[in-house]
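Here is a short walk through one protein chain, meant to be read with the model open beside you.

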Amino acid sequence: MSIRIKFCGGVRTVTGSNHLVETDKSQILLDAGIFYGHRDEYYAVNSKFSYNPAKINGLVLSHAHIDHSGNIPTLIKRGLHCKVFTTKATKDLCRLMLSDSGKIQEEDIEFVNKINRRKNLPARKPLYTEKEALRALKNFRGISYFEKIRLSKDVECTFFDAGHILGSALTLLEIKEKQRKLKLGYIVDLGRPNLPLLNDPVILKDLDYLVIESTYGNRFHPSIEEAKAKLMVSVNQTIARGGKVIIPSFALERTQEVLFFLNELIKENKLPSIPIYLDSPLAINITEVFRHHKDYLDKKTQGLFNKGIDPFPEERITYIKKVEESKRLNKDASPMIIIAGSGMCESGRILHHLKNNISNPKNTILVVGYMAQNTLGKRIVEKEPVVRIFGEDYELKAEVSIINAFSGHADKDDLLNYVRSSNGNLKKIFIVHGDLDQSEAFTANLKDSGFAAYLPQKDEECELE
Ligand SMILES: [Zn+2]
Ligand SMILES: [Zn+2]
């Protein structure tokens, strides 16, 4: 009898988390995320699997981010028929996130096929469509934190709060082997203490093995309080000069955090009560999932709900669903805050708001999230004097204000503290989910602290003894 773990994706890189735990009796997958790369690489990597999806006995999903959940519909199309276990909140978020991912792929492929037709190249297909994403949801089973479930003959699983995004889970796998149970902790993604709306991560103890993320394996975050303070300063300065604040934001978690802080700042009289517009149907639907799953939020937020206080109140925040309402905002020159997606300014309604506001020095583009290379968001962060939007050039004259403190990931200290607190008789710690420099540095840091840390290669299989 042997127990093995194979690192099929999301190792030595951040995206595409996918790991296979194998015993003589079962095959369990941990996450099945989308790998992000240039278009050809994206479709090549995400459609190739180094195992047979039809043979998987159970899939455990840590949270709703697409780099963890986004390839589940592809696996189902390729024969995966087992249940997908995740928290109830993640299941509801996935309904929105996966169908959005299917829709984006359909639009992207439509664009590619237009070019291919002109070049007489064969038509391409998305990994999955919006419809196929929704069909995949039928395999999902929502369970609660602390509820132990059986995945297969010899493997059980329990979820604990990861404090990373709504519904995010740390996974404990208990694998039966002769007279004992081997305990494997899957700590991906790990949140950080004191994030608004969320509980602090639960520390899993007495583990034999640990698989842990390393996105910020060698970097520190400013405190989350700093994010709130900077938000206040930036908005106040923009209002003082009669401008608009344009916030490109990810629909899941970051948007709700920004809304929560803006609402608090107004209540604390640190911001005047100016109009706030959430111009993103996806973010609006996700905010509704937050309201529906209050029990996943921290005590402070639950306390507000219990007193009948909505942390995202409609009397302060205007939720915009219709395109016409969105367009109307351009005609109103008074100070306001507009939050829209996509987070990296690659698509969505944010593009219209940028087009209309980026050349006015009174306005502020407030960056609250990570901008990847080769995105419009990155060009704005780098303050390029002229940027292209919808094929036209626009002078970047608005102020660009960047807040780095919003991260939902544990930083260098949080990660080291987590492993130290977890301690027990850890035989080995596998480092995943990080750019190579971050993963290497975290591995080295753990080794310096006396831990048996190991940075696997992609598709490497390791024995768990
Ligand atoms: Zn995540
Ligand atoms: Zn992740």
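This is a predicted model: local features need pLDDT of at least 70, side-chain atom pairs count only at pLDDT 80 or more; totals for chains, interfaces and linings use all residues.

## Starting from helix H6

How long should H6 be? At 1.5 Å a residue, the 17 residues of H6 (residues 224–240) should span 24 Å, and the end C-alpha atoms are 25 Å apart, which agrees. After H6 comes Gly242, with a positive phi near 75°.

## Its neighbour, helix H7

H7 has 14 residues and reaches 20 Å from its first C-alpha to its last, close to the 20 Å expected at 1.5 Å a residue. Which of its residues are buried? In H7 these are Arg254, Thr255, Gln256, Glu257, Val258, Leu259, Phe261, Leu262 and Asn263. H6 is part of what covers them, and so are S12, strand S13 (276–279), helix H8 (281–292), strand S14 (317–319) and S15. Just after H7, Asn269 takes a positive phi of about 60°.

## The whole chain

Now zoom out. The protein chain has 14 helices and 22 strands. Its C-alpha trace spans about 70 × 60 × 40 Å along the principal axes. With 465 residues, a compact globule would have a radius of gyration near 23 Å, and the protein chain has 22 Å, which agrees. Of the 465 residues, 46% count as buried. Among contacts between residues at least 6 apart in sequence, 74% join residues at least 24 apart.

The chain is divided into domain 1 (3–219 + 408–464) and domain 2 (224–402). The C-alpha centres of domain 1 and domain 2 lie 29 Å apart. Where the domains meet, 18 residues of domain 1 are in contact with 18 residues of domain 2.

## The nonpolar core

Which members of the largest nonpolar core touch the most other members? Of its 121 residues, these are Leu59, Leu93, Ile187, Ile212, Ile247 and Ile337. Helix H4 (residues 88–118) gives the most to this core, with 6 residues. The core draws at least three residues from each of domain 1 and domain 2.

Not counting residues up to four places away in sequence, Ile212 touches Ile187, Val188, Leu190, Leu415, Val419, Ile429 and Ile431.

## Backbone details worth a look

| Cis peptide bond | Omega |
|---|---|
| Val188 and Asp189 | about -15° |
| Gly341 and Ser342 | about 10° |

Asp189 lies in the loop between strand S10 (180–187) and strand S11 (209–213). Ser342 is in the loop between S15 and helix H11 (350–357).

Asp31 has a positive phi near 60°, and its place is the loop between strand S3 (27–30) and H1. Is Asp31 buried or exposed? With 30 C-beta neighbours inside 10 Å, Asp31 counts as buried. His433 is not a glycine either, yet it has a positive phi of about 50°. His433 is found in the loop between strand S20 (428–432) and helix H14 (436–448). His433 also counts as buried, with 30 C-beta neighbours inside 10 Å.

## A last stop at Tyr42

Tyr42 belongs to helix H1 (residues 39–46). Tyr42 is partly exposed, because 18 other C-beta atoms lie within 10 Å. Leaving aside its neighbours within four places in sequence, Tyr42 is in contact with Phe35, Tyr36 and Gly37. The C-alpha atoms of Tyr42 and Ile246 are separated by 30 Å, and the two residues are 204 residues apart along the chain.

Notes: Residues are numbered from 1 along each chain as its sequence is written. Chains are lettered from A and ligands numbered from 1 in the order in which they are written. A nonpolar core is a set of buried Ala, Val, Leu, Ile, Met, Phe, Trp, Tyr and Cys residues joined through C-beta atoms within 7 Å. A residue is buried if 20 or more other C-beta atoms lie within 10 Å of its own, exposed if 12 or fewer, and partly exposed in between; C-beta atoms are placed from the backbone. Helices (H or I, at least four residues) and strands (E, at least two) are DSSP runs, numbered from the N terminus. Domain bounds come from an automatic or database domain assignment. Two residues are in contact if their C-beta atoms, placed from the backbone, lie within 7 Å. The expected span of a helix is 1.5 Å times one less than its number of residues. The radius of gyration is taken over C-alpha atoms; the globule rule is 2.2 Å times the number of residues to the power 0.38.
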